[in-house]
Amino acid sequence: MSVEWKLLELEKIARVVDSLHQTPEFTDVGYPMVRATDVKGGFLDLSGTKFVSTENFEKFTKNHKPKQGDIVLSRVGSYFNFSYNKGNEDFCIGQNTSIIIPKIDNRYLYYTLLSPFVQRQIELSLVGTSQRTLSLKYIRGFNIPVPPLPTQRRIADILSALDDKIELNRQTNATLEAIAQAIFKEWFVDFNFPGATGEMVESELGPIPEGWRVGCFKDILDIEIGGDWGRDASFDGSVPVISLRGTDLDQLKVSGYAPNAPLRWVKESSLEKRKVLSTDIFIAGSGLGPIGKSIYCSDNLKDLYDYPIVYSN
C-alpha cells in the first residue's frame, strides 16, 4: 500500500447508527421504512418498502435522519448487503439494518465496502449458522484502505460512471419486464394470443383455449433438485465456482449483476451435474433469500463471471 494511503478502522472514518430493535405497526401510507429485504445493493430503492406513521418515523429517526450519501446495510442472513442512498426522500430504517454516515468521500467508502478486501472481513465476522448476523462491533472495526481525498474522488467518479450505466440498464430491464408482463397477461390470462379463435374448453383450472392442456412442470422440464454450497477454501479434487443464492437472483434481476455472489469450491463431479447451461431456469427454493423467484439463464449470464456458475439452493 502506498505511503499516502492509510488503513483505518471504519469507526474512525464514519459513524455507524443502528436501528431500533422493534417492529412498528405498518400503515397504508406514510414514511417508507427500509428493512433488511429492501437493501439489495446498488442505489437504495424505496419503491417496495412498507410505510409507518409520522409518530413512528420520528421515533425511528431520533438517532439519525437518513440523508443523501448515507450507506444503508442489512446485517442478517443472506440479505446482507449495502445500498447507497442517492435520493432525498425521507425514510427510516427497520430491524436488522444500520446506516453508515461517512466522514470521507461517501461514494468511495461505499465502493470500498463492496471490495473483496472488505467482503472477506465480513465473511470472517459473520456469526450464527441458520441466521447469520453481523454485529456493530465488527462493522465498526472493519479495516478500510483510505487514500488522499483527491484519489478517493477520482476512484469514486470512475465507479459511479459505471454504476450510472448499470442503473440505466436496470431501468431499461424494468421497462422490458413490464412489457413482458403485459404480454403475458394478454396471452395467458385473457387468452388473446396470436391466432386465438375464442373457442374455450373446461379444465381443472377453469376454461382454457381449445387445443391447450393442463400439465405439470415434470411433464415438460428436467428438474434438478438441490444445489451445492461447497466450501470456502480449495481442497483436493475441488474446482472454484460462483455459487448463486436466492438473493443473488434478485440482484441479477434488479441490476443485471450480483457482485456479492460468493466464490466457492466444489468437487469436479458436482460441477458437472450443476453447472449452468444456456436456457436453464433457476428457481430460488430455500434459505433466507426471495423463495420462488426465478431467472432465465443465457450466455450473457455465464459471461459475467470468471468462473463456472452453479447454484446453492
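**View 1. Ile-100 and the residues it touches.** In this predicted model, and leaving aside residues up to four places away in sequence, Ile-100 touches Leu-10, Ala-14, Arg-15, Val-16, Asp-70, Ile-71, Leu-73, Phe-82, Leu-109 and Leu-113, where a contact means heavy atoms within 4.5 Å. Residues are numbered from 1 along each chain as its sequence is written, and side-chain values use heavy atoms, with hydrogens and water left out. Since this is a predicted model, local features need pLDDT of at least 70 and side-chain atom pairs count only at pLDDT 80 or more, whereas totals for chains, interfaces and linings use all residues.

**View 2. The largest nonpolar core.** A nonpolar core is a set of buried Ala, Val, Leu, Ile, Met, Phe, Trp, Tyr and Cys residues joined through side-chain atoms within 4.5 Å, and buried means under 20% relative accessible area, with exposed over 50% and partly exposed in between (1.4 Å probe, protein chains only). The largest such core has 27 residues, and those with the most contacts inside it are Leu-10, Phe-82, Ile-100, Leu-109 and Ile-144. Two or more residues come from each of the elements α1 (10-13), β2 (14-18), β5 (71-74), β6 (81-84), α3, α4 (116-125), α5 (136-140) and β9, and α3 gives the most, with 5 residues. Helices (H or I, at least four residues) and strands (E, at least two) are DSSP runs, numbered from the N terminus. Apart from this core lies another, of 15 residues, among them Leu-252, Phe-282, Ala-284 and Tyr-305.

**View 3. Helix α6 and its buried residues.** The 41 residues of α6 should span 60 Å at 1.5 Å a residue, and the end C-alpha atoms are 56 Å apart, which agrees; the expected span is 1.5 Å times one less than the number of residues in the helix. The buried residues of α6 are Thr-151, Gln-152, Ala-156, Ser-160, Asp-163 and Glu-167, and they pack against α3 (106-113) and β9 (143-146). After α6 comes Phe-191, whose phi is positive, near 55 degrees.

View 4. Rings of Phe, Tyr and Trp (its six-membered ring) pair if their centres lie within 6.5 Å, and planes under 30 degrees apart count as stacked, over 60 as edge-to-face and the rest as tilted. A search of the whole structure finds 8 aromatic pairs. In one of them, the rings of Phe-184 and Phe-188 have centres 5.1 Å apart and planes at 40 degrees, so the pair is tilted. Both residues lie in helix α6 (residues 149-189), 4 residues apart, which is about one turn of the helix. Phe-184 is partly exposed, with a relative accessible area of 46%, and Phe-188 also counts as partly exposed, at 42%. Ring pairs link Phe-184, Trp-187, Phe-188, Phe-191, Phe-193 and Trp-212 into a cluster.

**View 5. Charged ends over rings.** A charge sits over a ring if NZ of Lys or CZ of Arg is within 6 Å of the ring centre and within 35 degrees of the ring normal. The charged end of Lys-50 is placed in this way over the ring of Phe-26, 5.6 Å from the ring centre, and the charged end of Arg-231 sits over the ring of Phe-235, 4.1 Å from the centre of that ring.

**View 6. The salt bridge between Arg-75 and Asp-18.** A salt bridge is a side-chain nitrogen of Lys or Arg within 4 Å of a carboxyl oxygen of Asp or Glu, and by this rule the count comes to 10. Arg-75 forms such a bridge with Asp-18, and their closest N and O atoms are 3.2 Å apart. The pair links distant parts of the chain, with Arg-75 in the loop between β5 and β6 and Asp-18 in strand β2, 57 residues apart. Arg-75 is buried, with a relative accessible area of 10%, and Asp-18 counts as buried at 19%.

**View 7. Further salt bridges.** Glu-167 forms a salt bridge with Arg-170, the closest N and O atoms being 2.9 Å apart, and these residues, 3 apart in helix α6, are separated by about one helical turn. Glu-167 counts as buried at 18% relative accessibility, whereas Arg-170, at 23%, counts as partly exposed. The side chains of Asp-190 and Lys-185 also meet in a salt bridge (3.1 Å, N to O).
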